[in-house]
Amino acid sequence: EIRFQDPVDAGSSPDMRADVLAATQQCVDALSTAIVERTEDYKAVVERASAADAGARVAAALEGANGVLLPAGLPEAVVGAVDASMAREDPGTPDGLDAIEAVVTTCAAAIAETGTIVLDHTAGQGRRALTLVPDLHVCLVRADQIHADVPAAVGALRASVEAGHPL
């Protein structure tokens with residue numbers, strides 16, 4: 001059995017804590033860079049933004065869209081930044097969805113190795129068809145949702161699967 005002790009809890013020195021935090025940030029940066037590169041391979045446009053800037057960046061990406069779906073559970077800052085005249089209710093039918101050009105969602109996970117975003121259709125994601133029919137899908141991915149590979153993402157999604165959420 002291998003046990004890791006959190007250096008902060010182990011009474012470590014401030015220098016060691018700083019080293020651990022720097023190494024952690026390097027890992028986050030590497031995963032973020034990898035998923036951006038893989039996703040761009042699919043010809044997707046990827047923009048990095050802080051949580052504070054996300055609303056403005058989403059609003060800019062939606063500029064000119066004829067109708068935008070905003071599933072319940074999106075961050076309030078994002079919903080508030082989108083032009084209210086563009087927001088539409090889920091029409092509930094395929095024909096109704098055809099008339100909507102964009103959707104904004106969160107995700108359950110992202111996989112750096114493959115450039116994949118994973119939705120489990122919980123809060124902020126809406127039902128599956130909402131993300132498949134509109135031509136533009138703006139997906140908000142937090143850095144802590146990015147996993148190195150498929151096995152790591154599957155492990156992170158275990159609770160969603162056990163709760164019966166479709167992926």
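Q: What is the strand order of the open sheet of four strands?
A: This is a predicted model, in which local features need pLDDT of at least 70 and side-chain atom pairs count only at pLDDT 80 or more, while totals for chains, interfaces and linings use all residues. Residues are numbered from 1 along each chain as its sequence is written, and side-chain values use heavy atoms, with hydrogens and water left out. Strands (E, at least two residues) and helices (H or I, at least four) are DSSP runs numbered from the N terminus, and two strands pair if DSSP finds at least two bridges between them. With parallel pairing, the order is S2-S1-S3-S6.

Q: Which strands are the edge strands of this sheet?
A: An edge strand here pairs on one side only. S1 (residues 68–69) pairs with S2 over two bridges, and two bridges also join S1 to S3. The edge strands are S2 (87–88) and S6 (136–140).

Q: How many bridges pair S3 with S6?
A: The two strands run in the parallel sense. One of the bridges has Thr-106 with Leu-140 in S6 as its partner. The count of bridges between S3 and S6 is five.

Q: How many of the five residues of S3 are buried?
A: Buried means under 20% relative accessible area, exposed over 50%, and partly exposed in between (1.4 Å probe, protein chains only). Ala-102, Val-104 and Thr-106 point one way from S3, whereas Val-103 and Thr-105 point the other way, and all are buried. The number of buried residues in S3 (residues 102–106) is five.

Q: Which strand of the open sheet of three strands does S4 join in parallel over two bridges?
A: The sheet has the order S5-S4-S7, with mixed pairing. In it Ala-110 stands opposite Ile-146. The parallel partner of S4 (residues 109–111) is S7.

Q: How far from Cys-107 is the nearest cysteine sulfur?
A: The structure holds zero disulfides, a disulfide being a pair of cysteine sulfur atoms within 2.5 Å. Cys-107 counts as buried because its relative accessibility is 3%, whereas Cys-139 is partly exposed at 22%. The sulfur nearest to that of Cys-107 belongs to Cys-139, at a distance of 4.4 Å.

Q: Which residue has a backbone oxygen 3.0 Å from a polar atom of the His-121 side chain?
A: His-121 lies in the loop between S5 (116–118) and H5 (128–132), and counts as buried because its relative accessibility is 18%. Leaving aside neighbours within four places in sequence, its contacts (heavy atoms within 4.5 Å) include Arg-127, Thr-131 and Pro-166. The backbone oxygen at 3.0 Å is that of Gly-126.

Q: Which residue forms a salt bridge with Arg-127?
A: The structure holds five salt bridges, each a side-chain nitrogen of Lys or Arg within 4 Å of a carboxyl oxygen of Asp or Glu. Arg-127 is partly exposed, with a relative accessible area of 34%. Its partner is 37 residues apart, in the loop between S2 and H4 (94–98). At 2.7 Å, N to O, the partner is Asp-90.

Q: In which helix do Glu-162 and Arg-158 lie?
A: Glu-162 and Arg-158 form a salt bridge, the closest N and O atoms being 2.9 Å apart. Glu-162 counts as exposed at 60% relative accessibility, and Arg-158 counts as exposed at 56%. The two residues are four residues apart, about one turn, in helix H7.

Key: Polar contact = N/O pair within 3.5 Å; in protein donor to acceptor, adjacent residues only side chain to side chain.
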